[in-house]
Amino acid sequence: MGRAWLFPMVIAGAGAILVAALGMTITEVGPWYHHLIEPRWAPPEAMFGVVWTIIFALTAIAGVTGWRAMPTPRARDTLVGLFALNGFLNILWSLIFFRLHRPDWALIELLILWLSVLALVLMTWRHSIVGAVLLLPYLGWVTFAGYLDMTIVRLNGPFS
C-alpha cells in the first residue's frame, strides 16, 4: 500500500469508526434487552463487538479497494453514496431495535440494510472482485442478524 492508499484509507477508516461509534452510543443493552427471550443459538453479547470490528475493518478496506477500481468520478461518487447510505441504515437499525425497543420494525429496516449491502457487493464486484469478496462477511452477518431478529420477534412479539 503506497501513498495513494493512505488518504482514502484514513477517510474510510474514520467513516467506519464514526458509524461504529454512533451505533455503540445508540445501543443500550440493559434490562429491556436482557428480558428478551433469545434462541439458544444466539451468540454471546461479547461476540457482537468482535464481529462488528472485523466487519467494519473489512468494509473500510473494501470501500477503498472498490473506490480505487471505479472507472469514473461519477462511479466513485455513487459508491461513496452507497457506503454513506449503508452507514446510515446500520445506525438506524440500532436506533430502532435498541432505543425504540422495536425489533419488529428493526426487522423491516434490516431488509433495506441487507439490500444496501448487496448493492455494495454488486457495484464493487463489477470493478473489484477483491473489494466485493471483502464485503461478503458483512452480507453474511446481516443475514444472520436478520434471522436472529426475526426469531426474537417471533419469541417475544407483539411489540408496542
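F97 is in contact (heavy atoms within 4.5 Å) with W32, Y33, L36, R102, P103, A106, D149 and I152, leaving aside residues up to four places away in sequence. This is a predicted model, so local features need pLDDT of at least 70 and side-chain atom pairs count only at pLDDT 80 or more, while totals for chains, interfaces and linings use all residues. Residues are numbered from 1 along each chain as its sequence is written, and side-chain values use heavy atoms, with hydrogens and water left out.

F97 also turns up in the largest nonpolar core, a set of 23 residues in which L36, W93, F97, Y138 and V142 touch the most other members. Such a core joins buried Ala, Val, Leu, Ile, Met, Phe, Trp, Tyr and Cys residues through side-chain atoms within 4.5 Å; buried means under 20% relative accessible area, exposed over 50%, and partly exposed in between (1.4 Å probe, protein chains only). Helix α6 (129–156) gives the most to this core, with eight residues. Helices here are DSSP runs (H or I, at least four residues), numbered from the N terminus. A second, separate core has ten residues, A62, F83, L120 and M123 among them.

As for charged pairs, the structure holds two salt bridges, each a side-chain nitrogen of Lys or Arg within 4 Å of a carboxyl oxygen of Asp or Glu. In one, R99 pairs with E28, with the closest N and O atoms 3.3 Å apart. R99 sits in α4 and E28 in the loop between α1 and α2 (31–34), so the pair ties together parts 71 residues apart in sequence. R99 is partly exposed at 39% relative accessibility. In the other, D104 pairs with R102 at 2.6 Å between the closest N and O atoms; D104 is buried at 18%, and R102 is buried at 11%.

Conventions
Helices (H or I, at least four residues) and strands (E, at least two) are DSSP runs, numbered from the N terminus.
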